Amino acid sequence: MSCLISRFKGPVLSIHRSTLLILGPLVLMTGFYLLTFSRVQEGKASSNAVQLRAPEMFNSPMRMKATEVNVRLQAECEAQAAVIKQRISLPINVLVIAPYVVMGDYETKTLEALYQKTILPVQHALSISYFDTQPDQPITIIALSSQKRYQQVAYDLDQRKTGSYYGYFQSDQMRIVLNLTTGSGTLGHELTHALAQIDFPAMPEWFDEGLASLHEQCEFSEEGNQLLGTDNWRSQLLLSALERQYLPELNALVQQTGIRKEQEALTYAHARYFCLYLQQKKLLSPFYRKLRTNQQFDQTGMRTLQQLLNVDDLSEVDADFHKWLSEFRRDTILQEGGR
């Protein structure tokens, strides 16, 4: 469940920032808060929403503490929920727990499970590693039970013809819309975008997309308070480009001012696995925080990366990154084969 681009401000830029999770499995949080839904049953709940059996989910590795209710923010969330509900042509349920407005054609208990088992733990883990600024405005998450319903709501709210996309983040509205049946990965991707926009509005586009894509498929650390990226389908794109000598240098990835549409899939893959490379070196969180501090004089992150990696030029890192990528993928295949 969401990407792309510079800090998208306004409807035009937010279009570019839409999640392009077009291919492959989008499953988030191995062995934890994966949401597995049974078949959709059309029926009459009290709200005429789609009825689903409660999702099967694992217990949270950490007990989330209740936070003090922000009365102002709660009121803003409730007002926003009422306005959005009027604009959606499908029957939906609403759960408001500031700063989140969780909506969808699922039963309320399913929305509550989504909040408790996915949204809240993800926000908590991301705040430990990256985001220091707590949301002070409503974040709307609309989860739909089919691609058809997702496309209908995307059109109702944003006049989007979403094609095969599974979810997107409308940055100027702080709104996530997604087809939840594709897995929690889309939500992890888009929620990263939303929280990053609050904490680091000037975050470079390539890093914004890489960090969000990292959370398409990940797992909790042993301590249960950090998210660790794992292998996913994007590695195939990267390895194919590497074998064909078509993979751009890291300098090109970091210095680009805008992701070209025809290069989106490869750029997201490149950025995701470079973030994973930094994470395994225990440099990803330090990079985020240091870059946020340095943003006025390092808009792309180039200088900060050079400092952290102790190099004069990122071209010195390419060979090691390519070697790591090949070995990481090989090790992943071996581990999967041994299960």
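**Exercise 1. Describe the salt bridge of Arg72 and state how far apart its closest N and O atoms are.**

Arg72 pairs with Glu76 in a salt bridge whose closest N and O atoms are 2.7 Å apart, a salt bridge being a side-chain nitrogen of Lys or Arg within 4 Å of a carboxyl oxygen of Asp or Glu. The model is predicted, so local features need pLDDT of at least 70 and side-chain atom pairs count only at pLDDT 80 or more, while totals for chains, interfaces and linings use all residues. Residues are numbered from 1 along each chain as its sequence is written, and side-chain values use heavy atoms, with hydrogens and water left out.

Helices (H or I, at least four residues) and strands (E, at least two) are DSSP runs, numbered from the N terminus. Arg72 is partly exposed at a relative accessible area of 43%, and Glu76 is partly exposed at 33%; buried means under 20% relative accessible area, exposed over 50%, and partly exposed in between (1.4 Å probe, protein chains only).

**Exercise 2. Which parts of the chain does the salt bridge of Arg289 and Asp132 tie together?**

The side chains of Arg289 and Asp132 meet in a salt bridge at 2.8 Å, N to O. Since Arg289 lies in helix α10 (residues 284–294) and Asp132 in the loop between α3 (108–129) and β3, the pair ties together parts that are 157 residues apart in sequence. Arg289 is partly exposed, with a relative accessible area of 23%, and Asp132 likewise counts as partly exposed, at 44% relative accessibility. Finally, a network of salt bridges links Asp132, Asp199, Arg289 and Arg292.

**Exercise 3. Work out how β3 is paired with β2 and with β5, and in which sense.**

Begin with β2 (residues 100–104), which pairs with β3 in the parallel sense over five bridges, where two strands pair if DSSP finds at least two bridges between them. Within this pairing, Met103 has Ile142 of β3 as its bridge partner. Turning to β5, its pairing with β3 is also parallel and runs over five bridges, with Leu144 standing opposite Asn179.

The burial of β3 (residues 139–144) can then be read residue by residue, as six of its six residues are buried. Ile139, Ile141 and Ala143 point one way, whereas Thr140, Ile142 and Leu144 point the other way.

**Exercise 4. Which strand pairs with β5 in the antiparallel sense?**

It is β4 (residues 167–170), joined to β5 over four bridges, and Phe169 has Ile176 of β5 as its bridge partner. The hairpin of β4 and β5 has four residues between the strands, and there Met174 takes a positive phi near 50 degrees. As for cover, five of the five residues of β5 (residues 175–179) are buried; Arg175, Val177 and Asn179 point one way from the strand, and Ile176 and Leu178 the other way.

**Exercise 5. Is Asp312 buried or exposed, and where is its place in the chain?**

Asp312 is in the loop between α11 (302–309) and α12 (315–337), and with a relative accessible area of 71% Asp312 is exposed.
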